[in-house]
Every structure is written in C-alpha cells, then in structure tokens.
Amino acid sequence: MTDISMNKSAPVAKGRQIPDRLTSGWKRGLKSWEALLLVVAVAIFIFNSFASPYFLDPWSLSDASFNFTEKAMIAFAMALLIIAGDIDLSVASIMALVSTVMGVAMGLGASTPVLVFLGLGTGLLCGAFNGVLVAGMGLPSIVVTIGTMSLFRGISYIVLGDGAFTGYPADFAFFGQGYVWWVITFELVLFALFAVLFGLLLHGTSFGRMVYAIGNNATAARFSGIRVNRVRFILFLLTGVMSAIAAICLTSRLGSTRPSIAQGFELEVVTMVVLGGVSILGGSGSIPGVVLAALIMGLLTFGLGLLNVPGIVMSIIIGALLIGVIALPRLWKMVRR
Amino acid sequence: MSILKKALTTTATAAALATALLASAAQAETRRIALVVKSLGNGFFEAAARGAEEAAKELGDVEIIYTGPTTTTAAGQIEVINALIAQRVDAIAISANDTDALVPALKRAMDRGITVISWDSGVAAEGRQMHLNPSSNPLIGNTIVKLAADQLPEGGDVAFLSATTTSTNQNIWIEEATKVLPNYAGINVVVTVYGDDLADKSYRETQGLLQTYPNLKAIIAPTSVGIVAAAQAVTDAGKIGEVNVTGLGLPSEMAGHVKSGASKSFAIWNPVDLGYAATYIAYELTTGKAKAEPGASIPMGRIGTVTLDENGEGAMSDPFTYDASNIDEFSSVF
C-alpha cells in the first residue's frame with residue numbers, strides 16, 4: 001500500500017520545478033530583466049560611439065575590456081554564492097594574498113607553471129578557510145568574510161610592508177598582457193570561457209538547481225535531501241579559486257605585487273552581481289545577467305573615461321545606474337497598478 | 001539581408017565621421033597633454049592643474065586634459081591611461097600611485113607614440129621618458145627634520161605621520177629624513193604611523209600618538225592630508241604649544257593652524273609651478289624641441305631649466321617654508 005502511494009507521488013515530485021526567480025511567471029520575468037540590461041548596454045554602446053570618435057576602435061575596446069574581465073570572473077562565482085544566500089567580501093583580499101604568495105615564490109626562483117599552481121592553491125585554501133567557518137561552523141558569511149578581508153590582506157602587508165615584488169618571468173606576462181588572436185586578449189577568452197562554464201553549471205546542472213533551492217529556503221532544501229553545507233562549502237572554494245585566477249591575471253597585467261593590489265574590488269564585484277539581477281537576498285539571478293552587467297560597467301567606465309569625465313562623477317553615474325536599473329522594474333509595477 | 005546592409009552602412013558612416021573628426025583635430029595641430037593625477041579632489045593637484053593651464057596659455061597650441069581616478073589606486077590610473085591611449089593624446093604627464101604597476105600600461109602608451117613623463121610621484125625608469133621631481137628627496141628629507149628641530153633647541157621625541165605604506169613619496173622622504181637625523185642632536189624619532197592619506201584615519205593615528213607618547217614634542221607629517229588632521233587632533237587635545245605639527249602641507253588648509261600655533265611652520269614646493277613645469281617639459285618633448293636623455297637640459301619656461309641625471313630624473317627647485325610671516329600671502333593661492 002505504501003509502495004503504491006510512493007509511486008503515485010513520485011512523478012508529481014519529478015515534475016515540480018524550484019522557481020528561478022522570486023516573481024511569478026518567471027519566464028517572462030527572466031526575459032524582461034536581461035532584456036532591460038541588454039537595452040542599457042546597447043544604449044551605452046551607441047551613446048559612446050557618437051560621444052567619442054575614439055570609441056569604435058578595436059584596440060581601444062580591447063584595452064577597455066581590462067576594466068571588467070578580472071572583476072567579472074570573480075562575479076560569476078560570487079553570483080552563485082549570493083544566489084545561495086551567502087556572500088564573500090574577502091575576494092579582493094584573497095587576490096592580494098595570492099599575488100603575495102606568487103611574489104614570494106618568484107623571489108625563490110619559481111617558474112611560471114609553479115607560480116600559477118601556487119596561486120590557485122592559495123585561492124583554494126582561502127576559500128576553504130571561509131567555507132569551513134561559514135558552512136562548517138555555521139557562522140554568518142558576511143561577518144566571517146569581513147574578518148578574513150582584513151586577515152588575508154593583513155598577511156600581505158606583514159610580508160611586503162611598503163615593498164613590492166617585481167621582476168616576474170617574461171612568460172608570466174601572457175596572462176594579463178597576452179593576445180590570443182588580433183585584439184582578443186587572453187583575459188577576454190578566459191572571461192568568455194568562464195561565462196559559459198558558470199552558465200552551464202548554474203542553469204544546466206542539478207548542482208545549479210541546488211544553489212537556487214538553498215537560496216530560496218535552506219531548511220526546505222535540507223529536508224529535500226540536499227547536502228546544504230557541502231554545496232555552500234564548494235561555492236566558497238569556487239569563489240576562492242576564481243579570485244586566484246583573477247589575481248594571476250591582475251598580477252601579470254601589473255607586472256608587480258603590492259599589498260594594496262585590487263583594493264576595493266569586492267564592492268565592484270558585488271555591484272556587478274546585483275546589477276546583473278541577482279537578488280541580494282538570494283534565490284534568484286542568472287549568469288547572462290551578470291555577463292551583461294560586466295559589459296555595462298566596462299563600457300560605461302571606458303566611455304566616460306574617453307570623455308575625460310572625472311572619476312568622482314563616474315562613481316556617481318555608476319551608483320545612479322545601479323539604483324536606477326534596480327528600481328525601474330519596481331517603479332514600473334507600481335505605475336501599472 | 002537588408003537589415004545587415006543597413007547596419008553595415010551605419011557603421012561605415014560612423015567610421016567616416018570618426019575619421020573626419022580625427023582629421024580635423026590633426027589639422028588644428030593642437031597638442032593634447034594629459035595631466036594625470038593620483039586622485040581628483042585634492043587641493044594640491046587642483047593647484048597643479050592651474051599651473052598646467054597657465055603653461056598652456058603661454059605655449060598657445062596646447063590643450064590640457066586634467067584627469068585621474070577617484071581612489072588612489074594603480075588599477076584606477078590604468079583605466080585612465082587606457083582611455084587616454086584610445087584618445088591618442090600627444091603626451092601623458094602622470095603623478096603615479098604605484099611605481100611599478102603602471103609600467104606595462106605606460107609602455108604601451110609609449111609604443112603608440114605618446115610622450116610619457118612622470119612628475120611629483122615617479123614611475124620606474126622603463127615606464128617613462130623622464131621624471132620631474134618637485135625637489136630632491138634628500139633636500140625634502142632634511143627640510144622636514146629641520147622644521148621640527150628649529151622649534152626644539154633642546155631636542156625631544158618626534159613621530160612621523162605618513163600616508164600609506166605604499167606611497168612612493170612619503171616613504172622616500174622619511175628614509176632621507178632618517179639619514180640626516182644624526183645631524184640634529186637630541187631629536188629622537190619614536191615611531192612612524194600611517195594615516196593612509198585619509199583625514200579620519202590620520203586624526204585617529206595622531207590621537208593614538210598623543211596618548212602613547214606623552215613626551216612627544218613634534219609630529220612630522222609629510223602629507224597634505226595628514227598634517228591638517230594631525231594639527232586638528234593636537235588642537236582638540238588642547239596640546240597647542242606642547243606638540244608642534246610640521247611637515248608638508250597646503251597653505252590654504254594650514255593657515256588656521258599656523259595662526260593658532262598648532263603648527264609653527266611647514267614646507268611645500270609650489271604645486272602651481274610643478275604643473276606648469278610638467279606641462280612645459282611634456283610640450284618640449286612632444287614637439288621634438290628637447291630630448292629626454294641623461295645629461296639633457298630641458299627648458300621649463302619661467303622656472304628655468306631642469307637637468308636630467310643618469311636615471312632620467314631631474315629636480316625642479318627647493319621646498320619653501322611657510323610660517324606666520326607669509327601664510328596669508330599664499331593661503332589664497334593654493
């Protein structure tokens with residue numbers, strides 16, 4: 001008897017979908033959000049093309065891509081983390097520590113593959129440290145990562161003080177300064193690759209569904225048989241590794257390490273994720289949204305730079321854009337009601 | 001198909017328009033010189049920009065692009081440099097946030113035919129054609145210690161309040177100051193603290209100094225942000241007359257503290273002259289009238305000439321001391 005009832009309920013459970021978004025009619029909502037971002041991105045592109053004669057130059061656009069590639073790579077992992085209801089504010093500090101470890105190794109004569117390996121290892125360890133404290137011990141992620149934000153960069157300051165590591169091997173420069181083909185930089189290829197990989201991971205695998213489920217209701221997810229803390233731990237590992245990759249690119253691009261490297265990146269990464277339509281409360285968001293947000297921020301800062309708009313005004317415009325894009329759908333709903 | 005054609009035509013038109021604009025810019029033969037600063041909204045750099053405009057007016061065919069990031073980071077300045085390379089400016093004159101990190105970006109600028117010089121805060125030799133120091137580091141290091149020692153005939157405890165641990169300028173000056181300490185009998189440096197060039201952090205660091213070292217006689221802050229915050233902290237603690245704040249500051253920001261006695265005297269070069277000289281040198285180099293090579297003498301208009309050493313560096317002039325006798329004259333200038 002119990003067997004029969006189990007069989008009956010099974011197809012129902014299989015057909016049920018965990019919602020992608022907080023709004024009802026998620027398909028339409030998904031479309032409209034990315035559509036809005038796309039419109040903004042295209043508008044900025046067109047505006048820049050007319051505002052400055054230098055914008056539509058392949059080499060200029062190639063240079064401009066550095067404004068967002070490194071931050072976007074972290075933003076992909078951060079998006080998953082925020083969708084799952086956590087946050088990692090220590091990413092920029094992980095970058096500083098990764099860069100410092102590579103600098104120390106470089107001083108001991110390590111070759112480029114060893115530097116990359118050590119960098120990735122350091123990122124993984126930092127991610128694991130955050131993960132153990134948050135997923136293992138159940139501490140709130142915002143508190144833990146504010147702590148590790150000071151901790152990781154603090155170690156860099158102790159190692160480096162007011163000094164700097166310079167003189168990385170010549171082939172190490174490829175990651176941040178190399179071109180794969182014509183104007184296509186290595187960083188741009190990495191950015192595209194990770195956009196696809198994270199898109200597939202979040203939208204095409206059961207792991208991605210678990211991330212949404214945890215963000216919507218961690219308790220319900222646990223009772224559905226999802227190993228919630230293991231997923232959260234993996235997400236912190238991913239963020240650590242992506243921060244390491246970004247750090248390798250940035251160190252290679254700057255050709256040097258100082259403890260202040262990547263200062264303030266964490267807020268730009270979070271801005272990118274939120275602008276991309278990821279709910280800061282968790283449970284909804286998409287990778288295409290984050291990709292578009294990265295492009296918007298990159299195009300906007302570069303376009304304003306071409307017009308020699310002072311950085312202070314630029315920050316105001318980006319802030320206004322963030323609030324505007326996020327408030328617009330809500331205002332639209334209020335008006336329609 | 002027709003849509004594609006239309007798009008192609010539009011792109012072609014836009015490209016033609018761009019070329020036309022470029023051509024008209026080239027015909028005018030105006031030299032576009034970008035004055036890139038550490039961060040905008042800093043009185044020192046605003047004054048330098050005024051000097052740059054003064055030089056531009058004298059030279060006639062110069063357009064000044066005054067720009068910089070919001071925060072004092074290397075990454076922010078690289079974004080600015082990329083935008084300037086894309087605009088194909090004729091020259092970049094930069095006060096760097098990081099000696100080494102800007103080198104790859106500035107090398108790229110030079111590869112594309114842009115004249116690159118650094119001024120105020122330098123870039124490593126391979127990232128620029130020459131560097132204009134406002135003064136020489138040993139002279140500045142000596143001056144800041146001398147300013148403190150002049151008020152302390154019997155000696156006493158002195159502390160440094162620096163900017164960030166990665167600030168190129170401040171660290172060199174403090175290093176040079178430390179070297180000449182033996183010449184000043186009785187002057188005892190107890191500690192160096194870092195206010196990160198932020199008013200509130202510098203203020204708190206000063207409060208910490210006053211509490212930790214009750215016998216402190218002077219605070220040397222070779223940073224325009226730090227010296228004001230330190231003077232304010234000393235005033236608020238009621239220690240005017242006990243602790244003298246000195247170092248490098250802007251007359252307009254220090255006028256009140258000089259009058260109240262929190263700061264007996266301080267030094268600074270003239271940032272207006274610095275912006276003027278940097279612009280003049282950039283112009284001379286980009287027009288090919290002068291060459292940046294060791295031993296070369298490059299004219300700087302009304303200021304004279306600068307002679308480059310083997311590292312391609314040159315010093316503009318001596319730092320200037322400001323006190324109660326001349327503060328009013330300069331506080332309205334910068």
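Biologist: In which sense do E8(B) and E9(B) pair, and over how many bridges?
Modeller: Strand E8 (residues 216-221) of chain B pairs with E9(B) in the parallel sense, over four bridges. Pairing takes at least two DSSP bridges, and strands are DSSP E runs of at least two residues, helices H or I runs of at least four, numbered from the N terminus. This is a predicted model, where local features need pLDDT of at least 70 and side-chain atom pairs 80 or more, while totals for chains, interfaces and linings use all residues. Residues count from 1 along each chain as written; chains are lettered from A and ligands numbered from 1 in written order.

Biologist: Which residues of E9(B) partner Ile220(B) and Ala221(B)?
Modeller: Ile220(B) has Thr246(B) as its bridge partner, and Ala221(B) has Gly247(B).

Biologist: What is the strand order of the whole sheet?
Modeller: E7-E6-E8-E9 in chain B, an open sheet with parallel pairing. The edges are E7 (187-194) and E9 (244-247), each pairing on one side only.

Biologist: Is E8(B) buried or exposed?
Modeller: Six of its six residues are buried, so E8(B) is largely enclosed by the rest of the structure. Buried is 20 or more other C-beta atoms within 10 Å of the residue's own, placed from the backbone.

Biologist: Switching to chain A, what does Ile296(A) touch?
Modeller: Beyond four places in sequence, Ile296(A) is in contact (C-beta atoms within 7 Å, placed from the backbone) with Leu37(A), Val40(A), Ala41(A), Ile44(A) and Leu275(A).

Key
Contact = placed C-beta atoms within 7 Å. Buried ≥ 20, exposed ≤ 12 C-beta atoms within 10 Å, placed from the backbone.
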